[in-house]
Amino acid sequence: MSSPLISSSSSSPSPSPSPSPSPSPLPFPLPQRLAATAVDTRSFFKLHWACFKVLGVVAPTADVFYLVYSVLLHLLVNLCYPLHLALMLFRSPNSSANIQNLAVCVTCMACSVKFVIYTMKMWRIRELESIVAALDARACSPRERGYFLKLRKDMRRITIGFLSIYAFVGVTAELMFIFCNEHNLLYPAWFPFDWRASKLKFYAAHFYQIVGISYLLLQNFVNDCFPTMALALLSAHIKLLGIRVSQIGHEAKSLDANELELLRCIKDQEHLFNMLNTIQNIISLPMFLQFTVTAINICLAMAALFFFVDAPFDRLYYLAYFLSMPLEIFPTCYYGTDFQLLFETLHIEMYASNWVEQTQKFRKHMILFNERSLKKEVAMAGGMIRIHLDTFVSTCKGAYSLLAVIMKMNE
């Protein structure tokens with residue numbers, strides 16, 4: 001997954017006396033169909049809304065059947081699934097089963113809590129979409145639409161990346177169950193009936209576990225992919241604003257028109273600050289839980305690999321689990337760092353405009369824009385932890401510290 005870092009426009013010789021560089025041309029040809037298509041970054045959330053609908057959160061109409069489906073889903077998955085795992089914590093004589101149960105139980109509980117938080121913040125997500133729509137309407141130039149093409153590819157990679165992570169973990173868990181020598185469940189858990197009594201009860205218990213974990217994986221996809229895509233969109237719109245301000249004064253427009261365009265860009269800058277505040281309000285608590293759970297689960301996966309499992313498919317499952325945990329938070333931390341760098345370099349794009357030949361009033365507004373761009377903006381998780389690459393490294397270090405404690409106890 002990649003995110004474009006902002007760079008100042010390259011200078012080119014020109015007979016004009018202005019020392020300001022002209023905006024660089026597109027590095028790739030712009031398709032004709034895209035040139036006539038308006039930028040709509042809200043479309044990147046369509047898959048999330050579809051997932052919310054499947055997960056019983058967004059009712060398409062006032063449908064009684066959907067309401068019953070939603071209530072049953074929340075009871076059987078969000079409430080009962082973590083509970084039936086928690087009731088068997090540390091009750092198995094097998095250490096590997098206990099480690100697996102603890103890791104899955106912690107993940108499922110955190111997943112359910114995060115999903116409930118997102119459900120309660122649904123109106124904030126709608127507010128975020130309205131801000132994005134206002135910023136989309138401002139992207140009119142060929143350079144901005146060309147950047148939209150690249151952004152669409154980046155978003156597709158993010159989505160495929162997260163889906164691949166969860167599919168890999170789900171497949172390895174099922175393989176571990178299939179090739180297990182014992183007649184056992186997918187995860188150690190409590191049921192109100194004796195699932196060993198008959199094949200029908202065993203398959204009923206396994207069906208509940210596989211369907212429940214599939215829904216929870218879908219929840220986890222929404223929980224983890226949404227912050228990444230929201231911050232990636234923020235970075236993209238900061239970049240688009242940089243493109244916009246760098247073009248001011250290089251086209252055959254009047255000084256008044258350039259001044260009006262700068263005022264619009266200042267308004268766009270306000271929208272970006274509001275967008276950051278809205279995103280932070282939505283993802284702050286879920287990301288705090290995610291960082292905590294990731295450190296615990298990386299530690300548990302390493303402990304299981306080193307001390308408790310020997311079977312090949314068990315090792316494959318824990319290896320997949322170990323790799324998936326840091327990969328779930330890395331993209332969010334990456335874009336949390338990326339948008340901060342882009343905010344801090346907006347003034348460079350401002351100086352790429354033809355500001356020298358503009359009015360004194362324009363230059364006063366330009367100073368306001370630049371001073372506001374120098375303000376350090378950081379997304380926080382739980383009001384305490386930065387959503388930043390430094391936090392990603394600290395989370396991995398915390399997991400290793402917990403592992404060192406387990407190794408000491410194991411001695």
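E144 counts as buried because its relative accessibility is 2%, where buried means under 20% relative accessible area, exposed over 50% and partly exposed in between, with a 1.4 Å probe and protein chains only. The residue E144 lies in helix α6 (residues 142-178); helices are DSSP runs of H or I with at least four residues, numbered from the N terminus.

This is a predicted model, in which local features need pLDDT of at least 70 and side-chain atom pairs count only at pLDDT 80 or more, while totals for chains, interfaces and linings use all residues. Residues are numbered from 1 along each chain as its sequence is written, and side-chain values use heavy atoms, with hydrogens and water left out.

The side chains of E144 and R244 are joined by a polar contact of 2.7 Å. Such a contact is a pair of N or O atoms within 3.5 Å; within protein, one must be able to donate a hydrogen and the other to accept it, and residues adjacent in sequence count only if both atoms are side-chain atoms. Leaving aside residues up to four places away in sequence, E144 touches R138, A139, L240, I243 and R244, with contact meaning heavy atoms within 4.5 Å.

## Nonpolar cores

The largest nonpolar core has 69 residues, of which L128, F226, L234, M275 and I283 touch the most other members. Its largest share, 16 residues, comes from helix α7 (residues 199-246). A core of this kind is a set of buried Ala, Val, Leu, Ile, Met, Phe, Trp, Tyr and Cys residues joined through side-chain atoms within 4.5 Å.

Beyond four places in sequence, L128 touches F45, F226, A230, M275, T278, I279 and I282. A second, separate core of 39 residues includes F177, L305, V309 and M325.

## Aromatic rings

The structure holds 20 aromatic pairs; rings of Phe, Tyr and Trp (its six-membered ring) pair if their centres lie within 6.5 Å, with planes under 30 degrees apart counted as stacked, over 60 as edge-to-face and the rest as tilted. F52 and F115 form a tilted pair, 6.1 Å centre to centre with 35 degrees between the planes. This pair links distant parts of the chain, with F52 in helix α2 (residues 46-54) and F115 in helix α4 (residues 95-120), 63 residues apart. Both F52 and F115 are buried.

Y334 and Y335 form an edge-to-face pair, at 5.2 Å and 85 degrees. Ring pairs also link Y81, F191, F193 and Y208 into a cluster.

Notes: Helix = DSSP H or I, 4+ residues; strand = E, 2+ residues; numbered from the N terminus.
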